[in-house]
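Please walk through this structure strand by strand and helix by helix, starting from a sheet and ending at a single side chain.

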Amino acid sequence: MPDNAPGDDRYDLLVVGSANADLVIGVERRPAPGETVLGSDLAVHPGGKGANQAVAAARLGARTALLARVGDDDHGRLLLESQRVAGVDTDGVLVGGAPTGVALITVDPSGDNSIVVSPGANGRLTPEDVTAAAPLLAAARVVSVQLEIPLDTVAETARRLDPGSRLVLNPSPPAPLPDEVLAACDPLVVNEHEARYILGETAGGSPDDWAPALLALGPRSVVITLGAAGALVADSRTDSLNHLVSPRVEAVDTTGAGDAFTAALAWRLGRGDDLREAAAFAVRVGAAAVTSRGAQASFPTLEEVDAL
């Protein structure tokens, strides 16, 4: 399928999700409970899982739109500008209702991070906002959602999905998912922590065991991201289970790598790739993203991915 055939004005990807200002501090080690540690100077970056995915897809060349809510403040203006610079259509970004969401991020020398999110305006993105954005949903080949916005809003997105569109869900931060949302996922994209949360007491064994257990909950397909070990792909239509190996890279900062992976996966699915092909490409994008610091600043172009 061509990226955009003549006369085709559909979006490759519509992201319905969060937009945060990332407040990042480097630390030698993350503090234990009750402990204070000194860190680097504070750095402020545009972030949020929804905004990250939109920028990551646009940087790869996807025609991308974002449905989100930000505050009428400096952080909101920073986020809108970062989207526009990346080439994302921001007509669906609503302004006001609460301060812009903020993520407090600590990053240790290995590149691992810990994140606490204050949702702010993200918590005011409502099902009614999704209903009002019906033309955006109708114009999208793939719609990607996460859980930094209200679950009711995610559920309404699943209900309003155009019959010709595909829903990609990354349940982060993890929360119980309604059956109707699980049934719409194609794929459900989880890391190991999220997979264990969703499966609960049944999450024994290895990711090879989790994938079919997750499929049994209702999604049409499942992708489990495994960090440096790559990803695992399961599809109910083909009854297949595929391991995808990640390129070897030196990880500098893992912030946003999962968002880059999911955006790349969603874009390639919208282009017509099958799930395994799309996930294999997404693994390379995620690997490229961890080689630079920051979230959006680390997202690679298509040329940078091809160079891996």
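**From sheet to side chain**

Strand β2 (residues 20-26) pairs with β3 in the antiparallel sense over 5 bridges. Two strands count as paired if DSSP finds at least two bridges between them; strands (E, at least two residues) and helices (H or I, at least four) are DSSP runs, numbered from the N terminus. The model is a predicted one, in which local features need pLDDT of at least 70 and side-chain atom pairs count only at pLDDT 80 or more, while totals for chains, interfaces and linings use all residues. Residues are numbered from 1 along each chain as its sequence is written, and side-chain values use heavy atoms, with hydrogens and water left out.

Opposite Asp22 stands His45 in β3. The open sheet here has 4 strands in the order β3-β2-β6-β7, with mixed pairing. β3 (43-47) and β7 (113-118) are at the edges with a single partner strand each, so one side of each is left without a neighbour in the sheet. From one strand to the next the twist averages 25°. Helix α2 lies across β2, β3 and β6 (101-107), at about 55° to β3. Such angles run from 0 to 180 degrees between N-to-C directions, the axes being lines fitted to C-alpha atoms, for helices over the stretch in contact.

The largest nonpolar core has 43 residues, and Leu60, Leu66, Val223, Phe261, Leu265, Phe281 and Val285 touch the most other members. Elements giving two or more residues to this core include α1 (49-60), β4 (64-70), α9 (257-271) and α10 (275-289). A core of this kind is a set of buried Ala, Val, Leu, Ile, Met, Phe, Trp, Tyr and Cys residues joined through side-chain atoms within 4.5 Å; buried means under 20% relative accessible area (1.4 Å probe, protein chains only), exposed over 50%, and partly exposed in between. Leaving aside neighbours within four places in sequence, Phe261 has contacts (heavy atoms within 4.5 Å) that include Val189, Val223 and Ala279.

In helix α8 (residues 207-215), the buried residues are Pro207, Trp210, Ala211, Leu214 and Leu215. Seen down the axis of α8, they fall within an arc of 130°, so they line one face of the helix; the arc is that of the directions from the helix axis to the C-beta atoms. Their cover includes β10 (185-191), α7 (192-199) and β11 (221-225).

Gln146 belongs to strand β8 (residues 140-146) and, at 0% relative accessibility, counts as buried. Its side chain reaches the backbone nitrogen of Gly50 at 3.3 Å.

How values were computed:
Polar contact = N/O pair within 3.5 Å; in protein donor to acceptor, adjacent residues only side chain to side chain.
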